Amino acid sequence: MPPRSAATPAGAGRSGQFPGQAADGRGAPPATGANAEAATVLREAISQVQRVIVGQEHMVEQLMVGLLAKGHILLEGVPGVAKTLAVRSFSTVVGGAFSRIQFTPDLVPSDIVGTRIYRQSQEKFDIELGPVFVNFVLADEINRAPAKVQSAMLELMAEGQVSIGGESNPLPKPFIVIATQNPVESEGVYPLPEAQRDRFLLKVDVPYPRGNEEFEILRRMSVEPPTATPVLNPDRIRELQKQAQDVFVHNLVAEYIVRLVMATRTPSEFNLTDLESVIQIGCSPRATLGLVAASRALALIHGRDYVLPTDVQAVAKDVMSHRIVLGFDAVADNVSTAQVIERILAVVPPPTPVWNNNSGRGAQPPAQQQPSYR
């Protein structure tokens, strides 16, 4: 197990505290009611999506986490599990412009980002912007497009801009790409390369609904389907994103995040020698930043102004699993990256929060009381 000093985040201040942490390392400034108000609005937005989508609570919550964390999301599931319907309903609830792009093998990059068009009447070239210049882009079945089209998404996902004819055109804010892909087909499919998968903050597996959920789908969708009501707007979303960025992360929680990521690169240093032959390539630094951003967003959804280790554990699989490349033997043995993450979470110890009240170890702590750690 490496020493704690080696895992201190690069963004720590001179005294070693994580940004936003007090110099004594025990807490941030007192929280206000803004987080409770934000949590109420976010829960209302999530409930509006779930008026349309039966079950899939984890997927709906992760869509909101990705939005607050300014990250892109990859949804993977078999056809018919409401991936597209969930994204449409989500865009309706949060407001803003929405565009759906159906990815096909004959798509070209200019169909997505735009191109230069010669105007005969003006005798000059104009830039015709593509359908990605909206707040929410649904890249439906993104793995059906060839690599040239997939690479056209890299700049806009990473830098929030599109370069056409030597000019950089900024995308509107907020901007988020929600892509879907089908894992069961192999013909006419171009798997996303590692570099493109790494651009997605979250990769969410969308399972089949359970039996009672299937019955509710039949009852709800066999008549006039329900519709979602708008709750947010782009200005409010930007405020919530800024609020999520200000959520406090204790230095020991930040160190725990770093150690989880390091365990995917050097498993033997964390008593995970059985994973040495399983993991071929570990998580990139984007996973570290993604864990912090997603944990902050989840804490805000729960009405807290601080991150707990349980927040990190709740988002770890969706943030890290698609960034790990398994070895050939592990793939042949049907080992999944989700199993690897669960193994790492079980072995790498989290810091223990200590609450400054007398309610006892099993009591639920107040939402705005920040813990110290040991």
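How do the residues of the lining of the second largest pocket divide into nonpolar, polar and charged? The lining holds nine nonpolar, eight polar and seven charged residues (Ala, Val, Leu, Ile, Met, Phe, Trp, Tyr, Cys and Pro count as nonpolar, Asp, Glu, Lys and Arg as charged, the others, Gly among them, as polar).

## Basis

This is a predicted model, in which local features need pLDDT of at least 70 and side-chain atom pairs pLDDT 80 or more, while totals for chains, interfaces and linings use all residues. Residues are numbered from 1 along each chain as its sequence is written, and side-chain values use heavy atoms, without hydrogens and water.

## Overall fold

The protein chain contains 13 helices and 13 strands (DSSP runs, H or I of at least four residues and E of at least two, numbered from the N terminus). Of its 374 residues, 49% are buried (under 20% relative accessible area, 1.4 Å probe, protein chains only).

## Nonpolar cores

The largest nonpolar core has 78 residues, among which Met-64, Leu-68, Leu-75, Phe-90 and Leu-291 touch the most other members. A nonpolar core is a set of buried Ala, Val, Leu, Ile, Met, Phe, Trp, Tyr and Cys residues joined through side-chain atoms within 4.5 Å. Helix α10 (residues 285-301) contributes nine residues, the largest share of this core. A second, separate core of 25 residues includes Leu-107, Ala-145, Leu-156 and Leu-192.

How values were computed
Buried < 20%, exposed > 50% of the residue type's maximum accessible area, 1.4 Å probe, protein only.
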